[in-house]
Each structure stands twice: as C-alpha cells, then as structure tokens.
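Dear colleague,

Here is the structure for your files. My notes follow below it.

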Amino acid sequence: MALLFLWGTIAGLDLVSVPQGLLSRPIVAATVAGLIAGNLAGGLMAGMVLELYALDVLPIGASRYPDYSVASVAAGAAAALVPAQMAAGAAGMIGLPLAALGGWTLQALRRRNAVSVRRRLERVAAGEARAIWELQRNGFFRDAVRSFALALVGVGAALLIALVPWPDFPRASLISWAVLAGGIAAALGGAIRSAGRGARRYWLACGITTGILVVWFR
C-alpha cells in the first residue's frame, strides 16, 4: 500500500514539478501500479485504456486539462484487484473522475504558486538566489502534498471497488466495453483534429486502415 502511495506521489510530481520523464503517462503509471498490486496484466490494461483518453489532451498554457498521472496509478491498482473482464471498467470508473479532480488541483496549485511569486517579486527582481530557492522548494512541497492526497483518494477508491462482488453482476462487463469505446472515440477525435486537413488527414486514414488490416489478418 505504501508503495502505491509513493508511486502515485512520484507520478504526480513527474507531471509538474520535476523534468517530465514520462513516468506520469498512463501506460507507465498504471502498469507499474498493477505490478505493485500483484497483477501486471490488469495494470497494463488500465494504462492502455487511459492512454486512449490522454491522447485527446493537448496541454496549452494555463488551460485546465485532466491530470492522468495519479489517476492512472489508482486505476492500475483498481484494475489489478478486480476480475479481468472488469479491468477496463474499473480503470474508467476510478481513473476518469480522479483525472478531472487532478486537473482542478493543478489549477489551484498554479494559483497558489503565483501568489508565492508575487510575494517575492522584489527579491527575485533583485537577483536574490534564496528567493528563487524558496519558490522552487515550496512549489515542489505543495505539488508533493497534492499528489499524495490524490493518491490517498484514488487508492482508497480502488480498494472499495475491489470489494464489489462483480461475479454477481453478469452484465457488469458492459461497463468495460463502454469505457473502451469512449477511449477509442476520444483518441480518434484527437487524431482527426491534430491531423487537420489535406494530406495529413489522408495519411491518418491510411495508417488507421493499415492497422485494422494488420490486426484482422494476423
């Protein structure tokens, strides 16, 4: 359990406060969480599902966007603790709301950091190195607290969802199909928007068609 909290905190910090090493990507964060929880395949499934949703996210400036870092850790843990047919569904039920909550906390963190900068503006303008050190230290600490709190909420929710007697609900696997369909739609929509018009959209269509044919005839 402590490892999941630690991994969630690291993943959250990787997104914001330290050089991004892609540890916060869903495919990485959730897979490692699944490994910690004792079910690598479940974590990998959660990572693949949330990665579809994350592909639709294009962080620009101070815009609010879902934070999939800690959410993926919680989703990976949840997927590892439920039956295989519910892995994708559990990932969606835990990961998507937590990603939205994480996005809100990111904006709150930025506002608090901005207040801290304004308080030290004169010292920073004067080139005082200690003022810059205080800004970096305090920002890192706030982000660590934010990430740890999200990990507490997410892993707690994962443990609760694992207590549900899923075999008693034979149609529960439909949740997994719905989450997967939503992810495919999100990724496809993001790819079409990114491709724009003209030749890029043509090559996107060629790539999708080739991928489908490879999967179909393999």
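A nonpolar core here is a set of buried Ala, Val, Leu, Ile, Met, Phe, Trp, Tyr and Cys residues joined through side-chain atoms within 4.5 Å. Buried means under 20% relative accessible area, exposed over 50%, and partly exposed in between (1.4 Å probe, protein chains only). This is a predicted model, in which local features need pLDDT of at least 70 and side-chain atom pairs count only at pLDDT 80 or more, while totals for chains, interfaces and linings use all residues. Residues are numbered from 1 along each chain as its sequence is written, and side-chain values use heavy atoms, with hydrogens and water left out.

The largest nonpolar core has 39 residues, and Val-73 and Ile-161 have the most contacts inside it. Two or more residues each come from helix 1 (2-16), helix 2, helix 3, helix 4, helix 5 (87-119), helix 7 (129-162) and helix 8 (173-195). Helix 4 gives the most, nine residues. Helices are DSSP runs (H or I, at least four residues), numbered from the N terminus.

Leaving aside residues up to four places away in sequence, Ile-161 touches Ala-78, Val-82, Ala-90, Met-93, Ile-94 and Trp-166. Contact means heavy atoms within 4.5 Å.

Helix 4 also packs against two other helices. Axes are lines fitted to C-alpha atoms, for helices over the stretch in contact, and angles run from 0 to 180 degrees between N-to-C directions.

Helix 2 (residues 26-37) and helix 4 have axes 7 Å apart at an angle of about 40°. Helix 2 is therefore oblique to helix 4 (under 35 degrees is roughly parallel, over 145 roughly antiparallel, 65 to 115 roughly perpendicular, the rest oblique). Pro-26, Ala-29, Ala-30, Ala-33, Gly-34 and Ala-37 of helix 2 make the contact with Tyr-68, Ser-69, Ser-72, Val-73, Gly-76, Ala-77 and Ala-80 of helix 4. That contact has nine nonpolar, four polar and no charged residues (Ala, Val, Leu, Ile, Met, Phe, Trp, Tyr, Cys and Pro count as nonpolar, Asp, Glu, Lys and Arg as charged, and the others, Gly among them, as polar).

The axes of helix 3 (residues 40-54) and helix 4 (residues 68-81) come within 7 Å and cross at roughly 145°. On the helix 3 side, the contact residues include Gly-42, Gly-43 and Ala-46.

Val-28 lies in helix 2 and is partly exposed, with a relative accessible area of 29%. Beyond four places in sequence, Val-28 touches Trp-7, Leu-22 and Leu-23.

Regards
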